[in-house]
Amino acid sequence: MKISVEIDELREQIENCLSSIENPTIGFVPTMGALHEGHLSLIKAAREQSDIVVCSIFVNPTQFNNAADLERYPRDLDSDVKLLQENGCDVVFAPTEEVIYPDGEPDYQIDFNGLDQVMEGPNRPGHFKGVAMVVQRLFEIVRPDKGFFGLKDFQQVAILKQMVKIKGLNVEIIPMPIVRSGQGLALSSRNQLLSEKEKELALIIFETLSYGKRIVSECENGHQLQQKMIEFFEAGELELEYLEIVDNDSLQPIDQLRPNISCCIAAYCGQVRLIDNMQFL
Ligand code: AMP
């Protein structure tokens, strides 16, 4: 497995891998590192569905709206490289900020068609613009056929599908299921920042989602379901930022309980912001 920092180096390594394959497909997994089983499930899917697997590790400053969050974001390149090697990744791209943004932060414009106006959008101003900007840049560098993304970041998947559509990129976005701990906590690099006690307290997120899924058929409408779930959540000790029942495609809150809806939660466990979601119907 090869590790590249520069674009020329990366292109050369990809071309070397491709040269022996007829009509090769490139599967790409963009990450911010501090890899866990959630990331590795994407690498495994990319391995199964493509000839060459490229993984990027880049903590993208333009998607952080909070300097302290960027500062304390976990980083461990050596351990990441080892895990990628063990899981069949072919090429690792670990660029510097100068490689990704040689002229500083670009003037990037995009219309997300309202997808950025809900949930994470108002709570993390500029976040999705930063995500779309970096993923588009990485797609242009890596030139993948398929990009693999976790539904842990449910809204991000919708945003990136819109980005690909509106920018006319020839990349298929492949959404992958959420990987959880045995007790249900959605795996996240930020979980490293939680104490053992906090990891237990954080289970209230999964418990609330599971509770909602159990009672959805007894509820009259989205509002009633939302209220019951908030009440359940508030018996725990986390601080709720939002709990929304939304349409899977438009991400708009729904009134009528019907197929194609999910619940999304964001909450603080101490200083650490956690998100999770579950498809309900
Ligand atoms: P990140 O390093 O947090 O930017 O995540 C990189 C990719 O891994 C994104 O597509 C995430 O949605 C995905 N991912 C993170 N955690 C999980 C998880 N628990 N299950 C599945 N995918 C995940």
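Here is a walk through the ligand site of this structure and then through one of its pockets. Keep in mind that the model is predicted.

Let's start at the ligand. It has 16 residues around it, and the closest are Met 32, His 39, Asp 153, Val 179 and Leu 187. His 39 brings a polar side-chain atom to 2.9 Å from an oxygen atom of the ligand, while Val 179 uses its backbone, with an N or O atom 2.9 Å from a nitrogen atom of the ligand. How much of the ligand does the protein bury? On its own the ligand exposes 490 Å², and the protein buries 92% of that.

So much for single contacts; now for the elements behind them. Strand 2 (26–31), helix 2 (37–49) and strand 5 (146–150) each give two or more residues to the shell around the ligand. Helix 2 gives the most, with 3 residues. By type, the shell splits into 9 nonpolar, 5 polar and 2 charged residues.

Next stop: the second largest pocket, with a volume of about 380 Å³. Its lining has 17 residues, and those nearest its centre are Leu 151, Phe 154, Val 157, Lys 161 and Asn 248. Here the elements that give two or more residues are helix 8 (154–166) and strand 9 (272–279). Helix 8 gives the most to this lining, with 5 residues. Sorted by type, the lining of the second largest pocket holds 9 nonpolar, 5 polar and 3 charged residues.

Definitions and conventions:
Residues numbered from 1 in each chain as written. Predicted model: local features only at pLDDT ≥ 70, side-chain atom pairs only at ≥ 80, totals over all residues. Heavy atoms only, no water. Near = heavy atom within 4 Å. Polar contact = N/O pair within 3.5 Å; in protein donor to acceptor, adjacent residues only side chain to side chain. Areas by Shrake-Rupley, 256 points an atom, 1.4 Å probe, with all protein chains shown as cover. Helix = DSSP H or I, 4+ residues; strand = E, 2+ residues; numbered from the N terminus. Nonpolar A, V, L, I, M, F, W, Y, C, P; charged D, E, K, R; others polar. 1 Å grid on protein atoms, 1.4 Å probe; cavity = no way out; pocket = protein on both sides within 12 Å on 5 of 7 lines; lining within 4 Å. Points joined across faces, edges and corners; volume = space filled by probe spheres on them.
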